[in-house]
Amino acid sequence: MKQYAFGADIGGTTVKIGLFETKGTLMEVWEIPTRKEENGKYILSDIVEEIRKKMREREIPQSSVEGIGMGVPGPVSTDGIVLKCVNLGWGIVHVEQEMTRLTGLKVKAGNDANVAALGEMWQGGGSGYKNIVMVTLGTGVGGGIILNGRILAGADGAAGEIGHISMRDDEEECCGCGKKGCLEQYASASGIVRMTERYLKQNPQISSTLRAMKNFTSKEIFEEAGKGDTAAGNMADEAGKMLGKALAAVACVVNPEAFVIGGGMSKAGEFLLDMIRKYYKKYAFHAAGNTAFKLAVLGNNAGIFGAVKLVLESEK
């Protein structure tokens, strides 16, 4: 194993790049803008230039670099081809092949949510486990599945799309995916706000401190729930029920050792985990009833950690 590796996590606004020692130490992390003009044609060359610049700056020879790992916000095939990535303007892009051509280094790419899950398993909240499901509660609900230490991507790279498990047939509003009743509509940061606004409107007789707040957030809902506000408590409980029920179904299929909960909403900490655990225990198959629940710890760096792990475990 060579001494260094690079991880790149491509987002819609910025690309996060990390220089690592291959034993897992993050030496430096920085960001560059994601240039999406002309269908994102400059993104890969920009990353290559940044990596070359860092190698020159730190006097790292090419012979000391194990490779480059990459997280991409879209489906990635097992041979490193992005089939379509709307957020970046990409159609079919041979990411691994093109990056290797530009750098002469080994390159491995994966979906960003899956790669973040791999990072949390390696150096984060899932450390010590080989079978985890990471759940990211942000604007949406993302997921990544790691089995026996490896990403489970699925036939089309769509494994782990936990946010689009169908939860309700009576939902009238559309999810961003175009369907109705997805988990994301109730258990994401934006989903719990939408659900709470609807609840307050439908139940004018219920007093709540949230009514005095303009554009309250999921953070404020959990804070008020913790203080005993009835409406906020009901909505936090409902989000916990949706998550607990959905993850119980996931456990029936992949039987993880642990669920690692990340994203902005995870800042609610043990209060949120307790809500999820309560309903998970109710709905889970008995053999999977003791699955651990952990908080993610790597934050926005999970993707670069996972990207590096992806290239370190690669055999080619």
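1. Start with Glu224. Leaving out residues up to four places away in sequence, Glu224 touches Thr209, Leu210, Met213, Asp229 and Ala232. Contact here means heavy atoms within 4.5 Å. Glu224 lies in helix 7. Its relative accessible area is 8%, so Glu224 is buried. Buried means under 20% relative accessible area, exposed means over 50%, and partly exposed lies in between, with a 1.4 Å probe and protein chains only.

2. A word on the model. This is a predicted model, in which local features need pLDDT of at least 70 and side-chain atom pairs count only at pLDDT 80 or more, while totals for chains, interfaces and linings use all residues. Residues are numbered from 1 along each chain as its sequence is written, and side-chain values use heavy atoms, with hydrogens and water left out.

3. Now the whole chain. Its secondary structure comes to 10 helices and 12 strands. These are DSSP runs, numbered from the N terminus: helices are H or I with at least four residues, strands are E with at least two. The radius of gyration is 21 Å, close to the 20 Å of the globule rule for 316 residues, so the chain is as compact as a globular protein of that length. That radius is taken over C-alpha atoms, and the rule is 2.2 Å times the number of residues to the power 0.38. Along its principal axes, the C-alpha trace spans about 70 × 45 × 35 Å.

4. Next, burial and surface. Of the 316 residues in the chain, 55% are buried. The chain exposes about 14,500 Å², and carbon and sulfur atoms supply 49% of that area. Accessible areas come from the Shrake-Rupley method with a 1.4 Å probe; for residues, only the protein chains shown count as cover. Take the contacts between residues at least 6 apart in sequence: 60% of them join residues at least 24 apart.

5. Which residues touch the most other members of the largest nonpolar core? They are Val135, Leu247, Phe259, Ile261 and Tyr280, in a core of 45 residues. Strand 8 (132–137), strand 9 (141–147), helix 5, helix 6, helix 7, helix 8, strand 11 (258–262) and helix 9 (270–283) each give two or more residues to this core. Helix 8 gives the most, with 13 residues. Another core lies apart from it, with 31 residues, among them Ile10, Ile68, Trp90 and Val95. A nonpolar core is a set of buried Ala, Val, Leu, Ile, Met, Phe, Trp, Tyr and Cys residues joined through side-chain atoms within 4.5 Å.

6. Setting aside neighbours within four places in sequence, Tyr280 is in contact with Gly244, Leu247, Ala248, Ala251, Phe259, Ala288, Gly289, Thr291 and Phe293.

7. Helix 6 covers residues 189–202. At 1.5 Å a residue, its 14 residues should span 20 Å, and its end C-alpha atoms are 20 Å apart, which agrees. The expected span is 1.5 Å times one less than the number of residues. The buried residues of helix 6 are Ala189, Gly191, Ile192, Val193, Arg194, Met195, Thr196, Tyr199 and Leu200. They pack against helix 5 (184–187), helix 7 (218–226) and helix 8 (230–254).

8. Met195 is in helix 6. At 7% relative accessibility, Met195 counts as buried. Not counting residues up to four places away in sequence, Met195 touches Tyr186, Met235, Glu238 and Ala239.

9. How many aromatic pairs does a search of the whole structure find? It finds 6. Rings of Phe, Tyr and Trp (its six-membered ring) pair if their centres lie within 6.5 Å; planes under 30 degrees apart are stacked, over 60 edge-to-face, and the rest tilted. The ring centres of Phe20 and Phe305 are 4.9 Å apart and their planes stand at 80 degrees, so this pair is edge-to-face. Phe20 lies in strand 2 (residues 14–21) and Phe305 in helix 10 (residues 302–312), so the pair ties together parts 285 residues apart in sequence. Both Phe20 and Phe305 are buried. Ring pairs link Phe20, Trp122 and Phe305 into a cluster.

10. Finally, helix 10 itself. Here 11 of the 11 residues are buried, so helix 10 is largely enclosed by the rest of the structure. Among them are Ile304, Phe305, Lys309 and Leu312.
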